[in-house]
Amino acid sequence: MVILLILLTVNFVTFYFVGYGVSEYIVYSSSIMFGLLFIAFAKNRFTVFKAIDTKINVLVLFTIFYFILFYLPYLTYSFGLSDIYYSPFFSHTFVEHSNKAIILSNIGYLSFLLGREILPNKSENLSPEKQRDYSFFVTSVIYIFFSLILINLLATLPKMIQGAYSGSDVGSSTENGLYFLLNHFSLSVAAIFIAKKALGHKISTLLMISILVVLFWCMVLLVLGDRNTFFIHGIVLLGGYFTFCRRISYVGVAATVFVGIALYGVIEQSRKLEERSFSSIASSISDSEDSKSSFFEGSLNNTTISLRASISYLEKTDESFQGKFKAIGLLGVIPLVRGMIVDPNDPFTNSAEVNTTEILGANATWSVGTNIVSDSYLDFGVYGVVILLFIVGLFTKFVENGVRQNHGDLQYIVIYLFSLGLISELPRYAFSFPIRNLVWLFLLFFIYKKLFKVTRK
């Protein structure tokens, strides 16, 4: 922990004095520090359930996403494999702020690790425990999921196929809400299925049918081009299986990550085609050059650029948003409240809008998105990056310890799997991205246990 604090202090000070441009020294030293820290923390044996040593956990997956977004573009540029001055989408890529972006990324990752270190690992409670009865809860979740998928497929899917793909904006507020609910309960079914397998419960016919429907929905997500929600499902299912059911080797993890990155590029390439179908995905697979170009110059690179744009914006205005975006994001937990309170004429209600205006101008017709570092920085400056990434790391350790200390409780496994899927992809989203799903999940379990007086049996 002392080393983390020293490195954090050094990077914090460096941020205010580092020069403009992109320094190979900054690129290489930061990348080496990042790699060594990851190795130091990931080499430790990681178990949360029945002493199964898992290589797929939130530290590993969060780190992979973080590296791809905030370090890999600079390394490929330094190796002559890409050009960070060029983007097929933007006329200006804010390369002058690269050094600060890298240092700010260092600060974020160090804070994340510090948050995980501040809580000690709880030892696994391997003694047999009486299990709580969640049978009615599981059945209710499944039937709600079936209802939502019918409503979405009949009412909103045609509109989604015609236009949107991201899942964050598929039409009216009602349609957006239905789409969120569908994915929330789809993930719930996936997590429950893994939890039941892990606990040795008999998989009912209803649950087996529901998991097949979840897999069908994942295929629909592929066709829609909503790759991020697709990958969250994949992380919950595969990550859960290799955490709670059987081990996977480092070679297996590497192969899975490689396939995932390749598929990500293919889906991005297929979204450029007018036709939304499996044939468009297949044609994108055959066009390997376009997939490679899409990886280096596509939306992942846009995320990297958006961090530099955030730094540019605050440098010009010299004033952060003082938590405005976090407050608006938290309002989204309660249905319809955000729409009633937030001024529809406000040009900036989230960090993605700031990045979009800074990069494309006030009349932009599409959003460039945001990332966890930009989102934290725009709201609170460098201190925000430290505090909010620290909170993320702290929460991940809290969830892991909850599973370790509550063997046999389906609730803790499901919450862990939700956290694994959502926080692994958090580097590419705002801080508030996982909050609504996680708060609703906690509330559903809390209400169920209070209403039905659930006790261990």
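This tour visits a helix pair, a pocket and a salt bridge in a predicted model.

**Stop 1: the helix pair**

Select helix H14, residues 299-317, and helix H18, residues 372-380. Their axes lie 9 Å apart, and the packing angle is about 10°. Angles under 35 degrees count as roughly parallel, so H14 is roughly parallel to H18.

Now show side chains. On the H14 side, pick Ser306, Leu307, Ser310, Ile311, Tyr313 and Leu314. They meet Val373, Ser374, Tyr377 and Leu378 in H18. Colour this contact by class: seven residues are nonpolar, three are polar and none is charged.

**Stop 2: the second largest pocket**

Centre the view on Phe231, Ile235, Thr256, Val257 and Gly260. Of the 26 residues that line the second largest pocket, these lie nearest its centre. The space in this pocket comes to about 610 Å³.

Next, display the helices around the second largest pocket. H3 (58-70), H9 (205-224), H10 (227-244) and H11 (250-270) each give two or more residues to the lining. What classes of residue make up that lining? It has 21 nonpolar and five polar residues, with no charged ones.

**Stop 3: a salt bridge**

The whole structure holds five salt bridges. For one of them, select Lys324 and Asp346. Their closest N and O atoms are 2.7 Å apart.

Zoom out to see what the pair links. Lys324 sits in helix H15, residues 324-331. Asp346 is in the loop between helix H16 (337-341) and helix H17 (351-360). The two residues are 22 residues apart, so the bridge joins distant parts of the chain.

Key
Residues are numbered from 1 along each chain as its sequence is written. This is a predicted model: local features need pLDDT of at least 70, side-chain atom pairs count only at pLDDT 80 or more; totals for chains, interfaces and linings use all residues. Side-chain values use heavy atoms; hydrogens and water are left out. Axes are lines fitted to C-alpha atoms, for helices over the stretch in contact, and angles run from 0 to 180 degrees between N-to-C directions. Helices (H or I, at least four residues) and strands (E, at least two) are DSSP runs, numbered from the N terminus. Angles under 35 degrees count as roughly parallel, over 145 as roughly antiparallel, 65 to 115 as roughly perpendicular and the rest as oblique. Contact means heavy atoms within 4.5 Å. Ala, Val, Leu, Ile, Met, Phe, Trp, Tyr, Cys and Pro count as nonpolar, Asp, Glu, Lys and Arg as charged, and the others, Gly among them, as polar. On a 1 Å grid over the protein atoms alone, a cavity is a set of points where a 1.4 Å probe fits but cannot get out, and a pocket is an open set with protein on both sides within 12 Å along at least five of seven lines; lining residues have an atom within 4 Å of a point. Grid points are joined across faces, edges and corners, and a volume is the space filled by probe spheres set on the points. A salt bridge is a side-chain nitrogen of Lys or Arg within 4 Å of a carboxyl oxygen of Asp or Glu.
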